[in-house]
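Colleague: I have a new model open and would like a short tour. Can we go through it together?

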Amino acid sequence: MNFKLNIIAHKEIFFDFYNLNKKNLTFYVPKGFNVTTETRDKLVKKINDNNYNLIEEYKLKGYNQEIQNKPCMSLSLLYHSYLNPEYFNFDYLGMMEYDINITLLKNDSLNYNLDYSVDTDNFNFENCINEIININQNNNFFIFLSCKHKFFNLYKDNIKIDNQHWFDFILNDYNKRFNKNHSKFEVIKFIGNKYCPLQQSFITNKHLFNKISKYTYDFITEYINLKSQPRMSTVLERAIMMFLLLEEDCKKYYIPLKHEAVGYQLKYKYDK
């Protein structure tokens, strides 16, 4: 069973993806925030020299450079996938940050899986993805690939949009957008202090990928000019997390990979 995983890389590729099947990978290169043309050109050359599939964001038919100027960073992929669905026409697809390693992070999120057990002793990333796809050919599902932070620690972050705490703003928007009536207490109790899917890294089926793409496009379009702290990409990361956690009528799987957070190691430590 084939899937397409988009690796978002704007400066460099830090880890060895060569052991993965090339047909399952596409490197997606945005015209990144604070990245020189020379740096981007070197990255594109490296990808082409190794014969990988490549999407250069600024060459897409539907393209909005303002998305990076704010910046929205990696989540510009979902915004632009909504505008350019012909590039993302796969039955199973997803996205992953360039500095996530294909190495299993053995934390408690592995225990959240209900009908699938990850072989932690002989971990094979592609085998896990294909096995989950095979048992869900008639189901909607998400596979979360980065789960290193717990909800209560994320909730305490001083991240704001339009002078509102990120959780309140995003939950109110989610209720309005999807005609829901989730209370703050209800959602906090539902999530609990579990590991949460961050770093916008996941694999899903086509229907849910299209749904989360539209959600991201609509969210950015409506709120891109609002004041955000520290920046829009951080708010968006949490909006995607909330979508992934609150989406109903789908199965959810955790395959936590090591996120090296290149350049941010001191800030992005693993929660225990």
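**A lysine and its sheet**

Modeller: Start with Lys 4, which is found in strand β1, residues 4-8. Keep in mind that this is a predicted model.

Colleague: Is Lys 4 buried or exposed?

Modeller: Lys 4 is buried, yet it has no salt bridge.

Colleague: Which side chain of opposite charge is nearest, then?

Modeller: That is Glu 126, 10 Å away. A salt bridge needs the charged atoms within 4 Å.

Colleague: What does the side chain of Lys 4 reach?

Modeller: The backbone oxygen of Lys 23, at 2.8 Å. Leaving out residues up to four places away in sequence, Lys 4 also touches others, including Leu 25, Thr 26, Asn 53 and Tyr 92.

Colleague: Where does Thr 26 have its bridge partner?

Modeller: In β3, where the partner is Asn 53. Strand β2, residues 25-29, is joined to β3 by four bridges, and the two run parallel.

Colleague: Changing topic: which helices pack on the sheet?

Modeller: Helix α8, residues 206-223, packs there and touches β4, β6 and β11. Its direction makes about 115° with that of β11. Helix α9, residues 232-246, also packs on the sheet, touching β6, β11 and β13. The direction of α9 makes about 120° with that of β13.

Colleague: And what is the strand order in the sheet?

Modeller: The order is β3-β2-β1-β4-β11-β6-β13, seven strands in an open sheet with mixed pairing. At the edges are β3 (53-56) and β13 (251-254), each pairing on one side only. From one strand to the next, the twist averages 20°.

Key:
Residues numbered from 1 in each chain as written. Predicted model: local features only at pLDDT ≥ 70, side-chain atom pairs only at ≥ 80, totals over all residues. Heavy atoms only, no water. Pairing = 2+ DSSP bridges. Axes fitted to C-alpha atoms, helices over the stretch in contact; angles between N-to-C directions. Contact = heavy atoms within 4.5 Å. Buried < 20%, exposed > 50% of the residue type's maximum accessible area, 1.4 Å probe, protein only. Lys, Arg positive; Asp, Glu negative; His and termini not counted. Polar contact = N/O pair within 3.5 Å; in protein donor to acceptor, adjacent residues only side chain to side chain.
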